[in-house]
Amino acid sequence: MTLVGRAVASRRLSSVAATRTPTTEISQTTLGQVEPPPRSIYSIKTKGFDMKNAGAAVRQVGTTRRFFLLDPYLTTIEIEGLAYRLRVMSKNQGINSVLIATDDDDDVEFSAIPSSARESEQLYVPVVDMPELGSNAVKDDRHIWHVAGGYNPRDLFQSGDYKDPSGIQTLMDGMQNLALATRGDVSSTRIPIITLPHGLVNDGGYALCMGSYMLASPDTCFAILNPSRGLAFDPIGLSYILPRLGQEFEQPVAQYPGAGMILALTGMHANPEDMMETGLATNYIESVSTLGTLERTLGNLLPWNQQAILKEPPRNHGAPRPKEDVNAAYRNVGVAGVINSFTAYQAAGGEMWGTQEENYMPGEDPSMELDPIPWQDDRESDLVNFAATFDDIFRREGTLGGLLERFREVASRKTNDKEEQEGIDVAKDIVKRMQSRSPLALSAVFRLMQLGSREGETLESCMTREKRVQAKLFVAGDFEAWGNHALKYKQSQEPPFGGWKHKSVMDVTKDEVDELLSTTD
């Protein structure tokens, strides 16, 4: 079976199409020819050397590069160094892919659980942030592995660095650069970036999941925890991504704008099904124990610059290289095939492997396809169901206060109907979650979502706005109040905090939110 022409679930918003490369001039980019490396590049260790206190590491595996996430939180210098390495490697035509995953030397034995988690305590997320909404609610004693969270807000508070405007600016710039490096640049990026986070990804940690492929495992989940710390979005473009859930892969959730709002305002943990049905993940992998095999398989593929079938047309001596890549249709096809063979289904809905006629070349016999009958048509997402159920509320209410009041009205209803009661219970949970978060931060998130949903907005314009708001929230009072509370407890035992500056979102004025968004200090 050939993969040429086969539809794959690579992100279109990412610059790297799975089977296509922009027909711009092919540069001869290598690690040393892109830009002078910053000193921060040395903060990302080479796997196998001195790994003490390292947050991330890299190693060569044949023609792929594997990044290990050793700690869910990275320092400012590590964020900057990782962004540089990803940006350069995505242009390095001597490799075929970059794989980002948890830290484990023996994926099969430990099921891809990070060694940092095996060697220390399990991470327990506070109950206010942990449970999912609805019928699949997670019990309070459930624990998950923490894969990526960007920077550590507790450390930032304890060090007092949150009060340093230049330091915060550097950190926020680093988060933005990390997201852009992972996402790639349409004019020069060649190499697909693949991420397999086996556990919780929260807030700025999603910057590492914005590449061509985001593989969700059974334990992958995503949540926005910052408003429970007095903060809004980290500057990675979530106010652009969340209002457009489902649009990239033309999924049903695209018609329900409330899906992104639920994630942004409640801290709901989007499980693998939610992430797949909204496009937050591109592919679903049933067993994360295959990670080591995936790594080795990618390492055995040809590098990008050797993925060619056709010869370049002859040219006269001294003539410039042609701008059109005659082998564009064959670049990255092998990587796409490997990803498809390791995953159960795609966000775009493609069967792995299906029996559609277009999946076969002329003369191939579909009856020889021996794979199981695809089952993904039976998938269901609580997040999408909630967004559909409360679609009218999200469409009609233009203020955060109005939104909260409408959910309170639903939560106060009485009924003997079982299905209606389920909706009432979800509404109660939404109200409880929204009321537990910083009213000022929640108001900022709501406004960012509104502005980011406008036609004409870009990922970069939303990042700039998010960066401005976040820098001001660090010193607006609620983050400091949360920090004083958080340091009284171990991170795994921290109870919910409620001592916010405002008692409710109704107490937050429009002027206060406008000030956060203002371009003037």
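**From a surface patch inward**

Mentor: Let's start on the outside, where Ile309, Leu310 and Val326 make up a nonpolar surface patch with about 260 Å² of accessible area together. Patches take residues with over 30% relative accessible area and no salt bridge, joining nonpolar side chains (Val, Leu, Ile, Met, Phe, Trp, Tyr) within 5 Å and like charges within 9 Å. The areas come from the Shrake-Rupley method with a 1.4 Å probe, and for residues only the protein chains shown count as cover.

Before going on, keep in mind that this is a predicted model: local features need pLDDT of at least 70 and side-chain atom pairs pLDDT 80 or more, while totals for chains, interfaces and linings use all residues. Numbering runs from 1 along each chain as its sequence is written, and side-chain values use heavy atoms, leaving out hydrogens and water.

Leu310 sits in the loop between helix H9 (291–299) and helix H10 (333–342); helices (H or I, at least four residues) and strands (E, at least two) are DSSP runs, numbered from the N terminus. Leu310 has 43% relative accessibility, so it counts as partly exposed, the class between buried (under 20% relative accessible area) and exposed (over 50%), with a 1.4 Å probe and protein chains only.

An α-helix has 3.6 residues a turn, so residues three or four places apart point the same way.

Now for the strands. Strand S3 (residues 64–69) is mostly covered, with six of its six residues buried. Thr64, Arg66 and Phe68 are on one face, and Arg65, Phe67 and Leu69 on the other. S3 runs antiparallel to strand S2 (residues 56–61), and six bridges join the two; strands pair if DSSP finds at least two bridges between them. Across that pairing, Arg59 stands opposite Arg66. The S2 and S3 hairpin has two residues between the strands, and Gly62 takes a positive phi near 60° there.

S3 is also joined to S4, in parallel, by six bridges, and Arg66 stands opposite Leu99 in S4. To get from S3 to S4, the chain passes through helix H1 (residues 76–89) in a right-handed β-α-β crossover. Right-handed means that, with the strands pointing away from the viewer, the path from the first strand over the helix to the second runs clockwise.

What does strand S4 (residues 97–102) pair with in the parallel sense over four bridges? The partner is S6, where Ile193 has Val98 opposite. From S6 (residues 193–196), Ile193 and Thr195 point one way while Ile194 and Leu196 point the other, and all are buried. S6 also pairs in parallel with strand S8 (residues 213–216), over two bridges, with Tyr213 of S8 as the bridge partner of Ile194. Pro197 is in the loop between S6 and strand S7 (200–202), and is buried because its relative accessible area is 3%. The C-alpha atoms of Pro197 and Leu215 are 7.2 Å apart, though 18 residues separate them along the chain.

Last, charges. The whole structure has 18 salt bridges, each a side-chain nitrogen of Lys or Arg within 4 Å of a carboxyl oxygen of Asp or Glu. One of them pairs Arg183 with Glu460 at 3.7 Å, N to O. Since Arg183 is in helix H5 (residues 165–183) and Glu460 in helix H16 (residues 459–473), this pair ties together parts 277 residues apart in sequence. Arg447 and Asp514 also meet in a salt bridge, at 2.8 Å, N to O. Here the helices are H15 (residues 439–452) for Arg447 and H18 (residues 510–517) for Asp514, so the parts tied together are 67 residues apart in sequence.

Arg396 is exposed, given its relative accessible area of 62%, whereas Asp392 is partly exposed at 40%. Both belong to a salt-bridge network that also links Glu397 and Arg406.
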